[in-house]
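User: I have a structure open and would like to go through parts of it. Can we start with a sheet?
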Amino acid sequence: MTAQDFRLATGGRIDRDLPLRFTFNDRPYTGYAGDTLASALLANGVMTVGRGFKYHRPRGIFSAGAEEPNALIQLGSGARSEPNLRATQIELFDGLESASVNCWPSLEFDIGAVNSLISRIIPAGFYYKTFMWPARLWMTYEHIIRHAAGLGRAPKRADPDRYDHRHAHCDILIAGAGPAGIAAALASGRAGARVILADEQNEMGGALLGQAGDIDGTPAIEWVEAALEELASLEDVRLLPRATVFGYYDHNYLGIAERVTDHLGPAAPAALPRQCLWKIRAHQVVLATGAHERPLVFADNDRPGVMLASAARTYVNRYAVKPGRRAVIVTNNDSAYEAAIDLAAAGLPVAAIADLRLSPTGPLVERVGELGIELLAGWAVVDTHGRRRVEAVDVGRLDDTGQSITGEVRRIDCDLVCVSGGWSPVVHLMSQSRGSVRFDDDRACIVPDESFQEERSAGACNGAHHLAECLAQGSRAGAEAARRAGFAKAKPAKPPKIPSAPEAESTPIRALWRIPGVGARARADKHFVDLQNDVTAADIALAMREGYDSVEHAKRYTTTGMGTDQGKTSNVNALAIIAEITGVEPNAVGVTTFRPPYTPVGYGVLAGRNVGALFDPVRMTAMHQWHEQAGAVFEDVGQWKRPYYFPQGDETMAEAVNRECLAVRYRLGIMDASTLGKIDIQGPDAREFLNRIYTNAWDKLAVGRCRYGLMLGDDGMVFDDGVTSCMGENHFLMTTTTGGAPRVMAWLEEWSQTEWPKLKVYFTSVTTHWAVAAIQGPRARALLGELCDDIDLTRDEFPFMSWREGTVAGIPARVFRVSFSGELAYEINVAASYGAALWQALMTAGAKHHITPYGTEALHVLRAEKGFIVVGHDTDGTVTPHDLGMDWIVSSKKIDFMGKRALSRPDTSRPDRKQLVGLLTIDPGEVLPEGAQIVSEVRPEPPMPMIGHVCSSYWSAYLDRSIAMAMLVGGHGRHGETVTISLEDRIVQAVVTKPVFYDEDGEKIRG
Amino acid sequence: MLLLSCPWCGPRDETEFSCGGEAHIDRPAKPAELSDRQWADYLFMRGNSKGRHLERWVHAQGCRRWFNVERHTVSHHITAIYEMGKPPPKTPKAGK
């Protein structure tokens, strides 16, 4: 373990009584509660934490927040491991394990660093230009390139943690709890509005947590604490720390990722989720997301030890950590002076301030002078030196234009370079909400322009620089939002009290987007703009020369702003450099689109509880338990679990299915048909409705009778099929395919409500009201007769395609004489709660008939033998009734029905459409794979002219041979022909037949 | 995600609804009298307006009722919600 040599003895918002052990790249360290991983590493003198993406140069901790481009961490190990987290946002906990993500093969020795030496030959677009040919090797190149680049690794095992989703509504959502956000929450919360104040950090207060200034004569942090205490006491205000507002969508819908227990590590209570996704619908939004400090672009500005000035200030004040031993500050604005003052006060000597401005004045400049810090006005850092970290900088005097250095270059020893190139308001959410942004020349930054949704920006994200301004804007924004949300009417609000704060007077920023280099450094190929993606000012210049001068093109060509940080510290510099090179105003260059998420959001929290068993509902029938106990193998049909087959002993699937099929043909089978869709249709116009929705006529269907129907879309294509029974003069029960039930229900409702609202007809889904046992086979009547004495089962009294009400095994039942197997069959419907009892009774009484439960595979074989289609299996949305040879079900008398007109369109009536046929392979043992292509000509290799495809194919144990159904071009006229099916490794021949292989005359089914 | 106000259930998230495409396309009363082209127009051709769009939605995960929506396809602003069978709202005059 190392001592925390860089920790200050006093101060900071850390708990020195609570030391926490952690590892970084397998080395043990200690930090304190309240640390981030970054501050704890700095406390231990660890500045270098990774390597550049392309040149593999060492990289150090650069910021103290969400904008961090360098310090990307692989956190944890095993299934909980998470890649590419920012060390600056990881709260330290005891036992934390961390590693660099980008330092292959190690942080110390890095083979990729050789790239740094040859960087002149791998400029922007290098990969695109060099690895273009041969194209098929790109995958190989890319693999090697990615490995060398190597961001973090996704864990290979399933995430063991739990995540929650919460929906919430509020009058006002405030994103960011810095001074502006807190002021807004006070103004709106006091007015009685329902307010959610969300902040990405563990503590609220934003920039005030890292500053030493005063508000109302007391330390700023005390003002924060008092304000938070008041907000917590307001009933309708919800404070959400550790909660990043990451996305702003249509109609004021916002996403928040809350890290509920990440910061507790292994100590997290099991009852709590790891993270929570808040889905917020807000009446009004106040954006108070602050600003990111911008780096300056100078030679070797990527060396570890170069850090944003505000970050250095935060480390000293908030974490009581000195990020170095001797600092040089380079700035173009006033804010870095405050950092200089705080660093000096903490005992971190500031060797010099190089200020790009020619004659900075004001109270901060005077204060720095009093502290004896050397001020180099009109100077800049022109280079840095050092192997693993900055050891010295070169400073030089800028000429009046800022384009070159005049006079001698001076070297100053230091290990910390605090940079400030001005501030970039965090306009991400504002832009995501489709508000427009513009470049403000005076303040040299992008600021919000016009709002699109009900939102307003306040504070630093609105371009405000000074604390008083931030507080005032926040208070105004909060009050305005409350008024817009309706609270001004209820209670005219007093003008919110705006806390006072010292106003600073400052010299304007001097925007200098590229600081000139000296000698070889003048090429700007070590002037890093995007630290995460290793994009230099020279790369951008190259992209401009090569014609990629639109900002969107330049971004993609150079990859600037495309890392996991999405260019938070680089985008403004990049666009300003583009403007400078192309000679236009920055505002004319525009900005690239800000897209959600603001910072990366893990898939786990997006998925929430919708994983594993909860990913999709599972539907089970009333007989499910019986099937399970009988050892059924299940198949998913829609959301239903249906028995696939019932293996006995060590039977294979084929053996089980053959046995089940033969049982139905020769004796008796039973299947659970409960999943078939059932729609109860009632109303005086029910019959007319069926006439319109089905292809056949329903006028004469008598009570007690059933009819098969085919449903088409208005394009004439088969949509669903099923049997509909007449239960009463104005009452029908429609059955649908298992998977099609919801679709058919929606279809009926749609036509009823939107096109034929005058028809009095009502639909109720009763699928799950009824449990259905289908007994099929020659002995079905015998079995039913034993259990039912109130229905006359004789052939004439209870014919095929009719239904009767009665009692089966003492249970009230509707018995339908319909069959999908081609055998004598009864589908016995009972209330779902009687399903298991009915099944058990049938199994017990059926034992002497060798009753055999069968599953969906046998069902398919049996129906294919009989030539019954399955919609969605044999059809695919491009098949008409005529294609199926089912003209018999299409009424020629009805003037109109759904799909009728389309059947006479030229395309639907042409003779060379694919039509349903049967196929019998020449070799009876050959079972064709479904989907196999029928070809008109065999060629050595594909493509071959395809004239059809196999849609259903099975081994038929009853026929002792294979059978298949196929869609074949002009198939109806090809019966008797031999066709060729091209398989992957062989050619198979088959004879075209009618698609009926069993009991063509229907003797058995009507028997 | 849009916020749609179901005429029967009130404002709900878009995920509860399904969009049924362009509204006010009546199924021809006598399809047999239509030419192939006229039928194809009814069956396949839909507007693709940039701006005001009248479309049908159904509260699929709620009351299952259909209704009409006037939505701006660029801004997603919803300017009217009205029952099936009702005429569309008048187009605002230019300049408004």
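Analyst: This is a predicted model. In chain A, five strands make an open sheet in the order 35-36-37-34-38, with antiparallel pairing.

User: Which strands are at the edges of it?

Analyst: Strand 35 (706-712) and strand 38 (762-765) of chain A are the edge strands, and each of them pairs on one side only.

User: How are neighbouring strands turned against each other?

Analyst: On average by 30°, with direction ignored.

User: How many bridges are there between strand 34 and strand 38 of chain A?

Analyst: Four bridges, in the antiparallel sense; strand 34 of chain A covers residues 677-682. As one example, Ile679(A) has Ser765(A), in strand 38 of chain A, as its bridge partner.

User: Which helices pack on this sheet?

Analyst: Helix 20 (residues 686-693) of chain A packs on it and touches strand 34, strand 35, strand 36 (718-728) and strand 37 (731-736) of chain A. The direction of helix 20 makes about 30° with that of strand 37 of chain A. Helix 21 of chain A also packs on the sheet, touching strand 34, strand 36, strand 37 and strand 38 of chain A. The direction of helix 21 makes about 20° with that of strand 34 of chain A.

User: Now chain B. Which helix gives the largest share of the side of chain A that touches chain B?

Analyst: The contact takes 21 residues from chain A and 20 residues from chain B. The largest share of chain A's side, five residues, comes from helix 21 (residues 741-754) of chain A.

User: What classes of residue are on that side of chain A?

Analyst: It has 11 charged, seven nonpolar and three polar residues.

User: Change of topic. At what angle do helix 13 and helix 15 of chain A cross?

Analyst: Roughly 50°, and the axes of helix 13 (residues 537-545) and helix 15 (residues 571-582) of chain A come within 10 Å. The two helices are therefore oblique to each other. The crossing is right-handed.

User: Which residues meet there?

Analyst: From helix 13 of chain A, Ala537(A), Ile540(A), Ala541(A) and Met544(A); from helix 15 of chain A, Ala574(A), Ile577(A), Ile578(A), Ile581(A) and Thr582(A). By class, eight residues of this contact are nonpolar, one is polar and none is charged.

User: Last one: what is the strand order in the open sheet of three strands?

Analyst: The order is 21-22-23 in chain A, with antiparallel pairing. Strand 21 (379-385) and strand 23 (405-413) of chain A each have a single partner strand, so one side of each has no neighbour in the sheet. The twist from one strand to the next averages 25°.

Note on methods:
Residues are numbered from 1 along each chain as its sequence is written. Chains are lettered from A and ligands numbered from 1 in the order in which they are written. This is a predicted model: local features need pLDDT of at least 70, side-chain atom pairs count only at pLDDT 80 or more; totals for chains, interfaces and linings use all residues. Two residues are in contact if their C-beta atoms, placed from the backbone, lie within 7 Å. Ala, Val, Leu, Ile, Met, Phe, Trp, Tyr, Cys and Pro count as nonpolar, Asp, Glu, Lys and Arg as charged, and the others, Gly among them, as polar. Axes are lines fitted to C-alpha atoms, for helices over the stretch in contact, and angles run from 0 to 180 degrees between N-to-C directions. Angles under 35 degrees count as roughly parallel, over 145 as roughly antiparallel, 65 to 115 as roughly perpendicular and the rest as oblique. A crossing is left-handed if the near helix is turned anticlockwise from the far one by less than a right angle, and right-handed if clockwise. Two strands pair if DSSP finds at least two bridges between them.
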